[in-house]
Amino acid sequence: MDTEERVGFEASNSNNLINGKGAAMLKYINTFERSIVKLLASMMVLVIFISTIELAWIIVKSIIAPPRFFLDINKLLDIFGLFLLILIGIELLESIIIYITQKAIRVETVLLVGIIAVARKVVVLDIKQLSDFPLIGVGAVIIALAAGYYLIKQSRSRGPKDNKI
C-alpha cells in the first residue's frame with residue numbers, strides 16, 4: 001500500500017469512527033451537557049427564590065425595628081446591593097434559558113450582567129476609603145461595558161439578526 005492509499009484508508013476509517021461510535025459519543029455528551037445546564041437553571045431558580053425571600057425579610061425586619069419606617073444609609077445600601085444581586089441572578093437565568101432553547105449565548109445579556117454587577121459594586125462601594133486609581137478603574141470598566149452594549153445594540157439594528165457567538 002503506497003502513501004496515498006494509506007492516507008485514504010486512514011481517512012475513511014476515521015470517518016467511519018466519527019459516523020459510528022463518535023456519533024454515539026457526541027449524543028451522550030450533548031445529553032450530559034443539557035442535563036447539566038438544566039440542573040444549573042434549577043439551582044439558579046432556587047437561589048433567586050431564596051434571595052428574594054431573604055430580601056423581603058430584611059426589608060420587613062428593618063421597617064418594623066425601631067425607629068419604625070426608617071432605614072439608615074448602611075441598611076439601604078445592603079438592601080440595594082441584594083436587590084441588584086437578585087437582578088444579576090435573573091439575567092444569568094435568562095442567559096441559561098436562551099442557551100437551552102437556542103444553543104446560543106447572547107452577548108447583550110452577558111454585557112448586561114456585567115453592567116449590573118459593576119453598578120452593584122458602585123452602590124455598595126465606600127468611596128471615602130478608596131484612592132483615585134480604583135475609582136478610575138471602575139469608571140473605565142463602566143465606560144467599556146456601556147460602549148460594548150451600545151455597539152452591540154447598534155450592530156443588531158443595522159445588520160443581520162444573528163445572535164449566536
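This is a predicted model: local features need pLDDT of at least 70, side-chain atom pairs count only at pLDDT 80 or more; totals for chains, interfaces and linings use all residues.
I take helices (H or I, at least four residues) and strands (E, at least two) as DSSP runs, numbered from the N terminus. With that in hand, I located P67 in the loop between α1 and α2.

Residues are numbered from 1 along each chain as its sequence is written, and side-chain values use heavy atoms, with hydrogens and water left out.

Next I looked up the loop between α2 and α3, where K103 lies. Phi of K103 is near 55°, a positive value in a residue other than glycine. I found K103 partly exposed, with a relative accessible area of 46% (buried is under 20%, exposed over 50% and partly exposed in between, using a 1.4 Å probe and protein chains only).

I turned to the helix pairs, taking axes as lines fitted to C-alpha atoms, for helices over the stretch in contact, with angles from 0 to 180 degrees between N-to-C directions. The axes of α2 (residues 73-102) and α3 (residues 107-124) come within 9 Å and cross at roughly 170°. That makes α2 roughly antiparallel to α3, a term I use for angles over 145 degrees. The contact (heavy atoms within 4.5 Å) includes F80, L84 and I88 of α2 and L112, I116 and V123 of α3.

For α3 and α4 (residues 132-158), I read an angle of about 155° with the axes 10 Å apart. These two helices are therefore also roughly antiparallel to each other. Among the residues making their contact are L111, I115 and V118 of α3 and V141, L145 and Y149 of α4.

I found eleven residues in all, namely V37, A41, M44, I48, L55, I58, I79, L82, I86, L93 and I96. The elements that give two or more residues to this core are α1 (3-64) and α2, and α1 gives the most, with six residues. I also checked A41, which touches L93, I96 and I100 when residues up to four places away in sequence are not counted.

Definitions and conventions: Angles under 35 degrees count as roughly parallel, over 145 as roughly antiparallel, 65 to 115 as roughly perpendicular and the rest as oblique. A nonpolar core is a set of buried Ala, Val, Leu, Ile, Met, Phe, Trp, Tyr and Cys residues joined through side-chain atoms within 4.5 Å.
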